[in-house]
Amino acid sequence: MPVTTTTNNNEPEITIGAGERKFIDALKNFTDLRDPRGKRHSLGFLITAFIFATLVGRSDVSGIQRYIANKIDWLREVTGIEDATPISRAHLPRMLADLDWLALSCVISDCFGERIRQLIENEWIGADGKVMRGTLKSGEKQAVIHAVSHDSRIDVAQARQVGDKASEITVMRDFLKETGLDKHKISLDAHHCNPETMAQIEQAGGQYLIQIKENQPILLEQCRILGGQKSLADTIDHDYGHGYITTRQAHLFNLQELDLDDRWRPSGLRSLVVMIRETHCFASGKTTRETAYYLSNFMDSRKVHTVEALATTIRGHWGVESNNWQLDVTFNEDHVKTKDGNQAQIMGKLRCFAMNLLRWSSKKPPNFQATIEKFTDCPDTLVSALRQVNFLPD
């Protein structure tokens, strides 16, 4: 049974389901709200062709339209959509702008929901918002909130956001509730370090790990004082690479020793992790050192296990930032100009879906750029990969 998420536009999104069937078959029943008079292009074909174009490195609307026009005969053959026709440059952005976010979420859930459900049940999930910087419409900042699994880096759910960064807080709370992510293990950045969000996760039975910064000055100062005392347990690890060596020391403290303000008590605060990162650059000989503070409602009776688990989670939250970086660098997201907010968010959702397909089709973490070049040079490898991951029929 799928669950829904809502945004600050009160638009539901079905993100997690139990069924699984061929994606291209599910698209045959894709909800099309357009007036049937004069319709020339299938929305199902548009979505399929967009994914193909994205996976060979096309990012902007012009490049995607040219790919569809140039490859139309081949696309008809591999998709089985024999009546597909090329889409004009003027028509393509209008079709993308008219795509229904809910309907697209439903069809992805219908085909890949079981895979996503298993990730949510077994991994920590990092959630963060990403602004669609290429949207040209003034006065409306468009963003997509992403929930990304720490280990596999799969983008398990998204929600739409309209407005400045402050509006992300309430959208995130709705998002966590309606997807059921607040019942699982979720990591968030310091923007969401507030009693309401943390209490919601605690009362839903989930676990959270959230960084604390100057947006909560009183609690941060209490954490700094506590962090100067003897820790319950510690762990250390080292990273070597690219001319740097990084040492991370994690120290665990019991937050229940603090005299917290009443507003924090429903949050179930139990653990403080003080993470000290020291990075040495061999070329310059310089060493930098920073200290960060993280709060959690998780505390195991085995203190060493607690600090090791939370230190791993702190590093794993970088996965959502890594995905955002890939969207910008590999898929050129920030430089894709759009005039319509829904178009920008739909394109963002489809790019995330394309990234998931790349990860699902690879036995090890993929080199995105190398894989895209391989798909471009050898189209048969693209078809083979999409057949492996339930996108195309065998």
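How many helices and strands are there in the protein? In this predicted model, where local features need pLDDT of at least 70, side-chain atom pairs count only at pLDDT 80 or more and totals for chains, interfaces and linings use all residues, there are 14 helices and eleven strands, helices being DSSP runs of H or I with at least four residues and strands runs of E with at least two, numbered from the N terminus. Residues are numbered from 1 along each chain as its sequence is written, and side-chain values use heavy atoms, with hydrogens and water left out.

Along the principal axes, the C-alpha atoms fill a box of roughly 70 × 50 × 40 Å. Of the 394 residues, 54% are buried, that is, under 20% relative accessible area with a 1.4 Å probe, protein chains only.

The axes of helix 13 (residues 368-377) and helix 14 (residues 379-388), lines fitted to C-alpha atoms over the stretch in contact, with angles running from 0 to 180 degrees between N-to-C directions, come within 4 Å and cross at roughly 115°. That angle makes helix 13 roughly perpendicular to helix 14, a term covering 65 to 115 degrees. Lys 374, Phe 375, Thr 376 and Asp 377 of helix 13 make the contact (heavy atoms within 4.5 Å) with Pro 379, Thr 381, Leu 382 and Ala 385 of helix 14.

Conventions: Parallel < 35°, antiparallel > 145°, perpendicular 65-115°, else oblique. Buried < 20%, exposed > 50% of the residue type's maximum accessible area, 1.4 Å probe, protein only.
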